[in-house]
Each structure stands twice: as C-alpha cells, then as structure tokens.
Amino acid sequence: MEMETVILFSLLCKHAVADLAVQSLRIPSNKRLYFNKGLHIHALDHAVLTLLVLLVFSINPWLALAFAVLDYVAHWHIDCFKSKLLWIFEIPRDGALFWRIQTCDQILHYATYALIVYLIC
C-alpha cells in the first residue's frame, strides 16, 4: 500500500476519534461564536492528533507542526461557519438539510487531509 494512502487513512481515523469519541467527552459549546472556547478546544484536539499522526510517520517535526496548525485553522473555520449557518437559518438538527450541511462540513475536513497528504508527498 502506498504511504500516502496510509497517512490519509490515519488522518481520517484521527478525524473520527476527535469528532466523535473526544468530542463526546466535552460539554457542548456554541461553535458559531468565532472565539468560543469550546470551538477552539475542539480544533486543538484535531491539531494535536494530527501532529501525533504525522510524527508517527516520521514527518519532519516542524512540517508536522505546520500541518497541525493548518488543521487547527481549517477545523476552526469550517465548524464555525457550519454552526453559524445552522443558527442563522434556524436549521433543525433532525432535518434533511442539517445532514446535507453536515455532509459538506465533513467533505471540507477530508479535503484538508487530502491537501496535507498532497503537500507531504
């Protein structure tokens, strides 16, 4: 298997851990607010786990840190925008539109990981 594929798969698994397992341990926060503490903690969870994943693959530590910061900034903005969109348009979490927006949110996160892998390799 190509190393790029293994790194991408590892980042996707990291995403599931941070978005589902770790986030389930946190108190829900108002992510639509740009400087919300909970939003930044969530983005930091992603950044730290991205850093760890990349270090496992012996990526240069400074480069790994730069990509972790990229993941932090991307996750912060993607989640904030999604939350703001849901709030502004009063989109209920049990409707089809919510799940379509959630799909776009996940695709943007996956695109971040694809970009990181592209830049590494």
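These legends go with a set of close-up views of a predicted model.

**View 1. Helix 4 from end to end.**
Here's helix 4, which runs through residues 96-120 and has 25 residues. From its first C-alpha to its last it reaches 36 Å, close to the 36 Å expected at 1.5 Å a residue. Look for its buried residues, which include Phe98, Ile101, Asp105, His109, Thr112, Ile116 and Val117. An α-helix has 3.6 residues a turn, so residues three or four places apart point the same way. What covers the buried residues of helix 4? Helix 1 (3-22), helix 2 (37-56) and helix 3 (61-88) are among the parts that do.

**View 2. Where helix 1 meets helix 4.**
Now zoom in on helix 1 and helix 4, whose axes sit 10 Å apart and pack at an angle of about 145°. Helix 1 goes past helix 4 in a right-handed crossing. On the helix 1 side, the contact uses Glu4, Ile7, Leu8, Leu11, Leu12, Lys14, His15 and Asp19. Helix 4 brings Gln106, His109, Tyr110, Tyr113, Ala114, Ile116 and Val117 to this contact. Sort the residues by class and you get nine nonpolar, three polar and three charged ones.

How far apart are the end C-alpha atoms of helix 2? They are 29 Å apart, which agrees with the 28 Å that its 20 residues should span at 1.5 Å a residue. Past the end of the helix, find Ser58, which follows helix 2 and has a positive phi, near 60°.

Asn36 sits in the loop between helix 1 and helix 2. Is Asn36 buried or exposed? Its relative accessible area is 14%, and buried means under 20%, so Asn36 counts as buried. Asn36 caps the N-terminal end of helix 2, with a side-chain oxygen 2.9 Å from the backbone nitrogen of Gly38. The Asn36 side chain also makes a polar contact with the side chain of Ser29, at 3.3 Å. Leaving aside residues up to four places away in sequence, Asn36 touches Ser29 and Asn30.

Definitions and conventions. Residues are numbered from 1 along each chain as its sequence is written. This is a predicted model: local features need pLDDT of at least 70, side-chain atom pairs count only at pLDDT 80 or more; totals for chains, interfaces and linings use all residues. Side-chain values use heavy atoms; hydrogens and water are left out. Helices (H or I, at least four residues) and strands (E, at least two) are DSSP runs, numbered from the N terminus. The expected span of a helix is 1.5 Å times one less than its number of residues. Buried means under 20% relative accessible area, exposed over 50%, partly exposed in between (1.4 Å probe, protein chains only). Contact means heavy atoms within 4.5 Å. A polar contact is a pair of N or O atoms within 3.5 Å; within protein, one must be able to donate a hydrogen and the other to accept it, and residues adjacent in sequence count only if both atoms are side-chain atoms. Axes are lines fitted to C-alpha atoms, for helices over the stretch in contact, and angles run from 0 to 180 degrees between N-to-C directions. A crossing is left-handed if the near helix is turned anticlockwise from the far one by less than a right angle, and right-handed if clockwise. Ala, Val, Leu, Ile, Met, Phe, Trp, Tyr, Cys and Pro count as nonpolar, Asp, Glu, Lys and Arg as charged, and the others, Gly among them, as polar.
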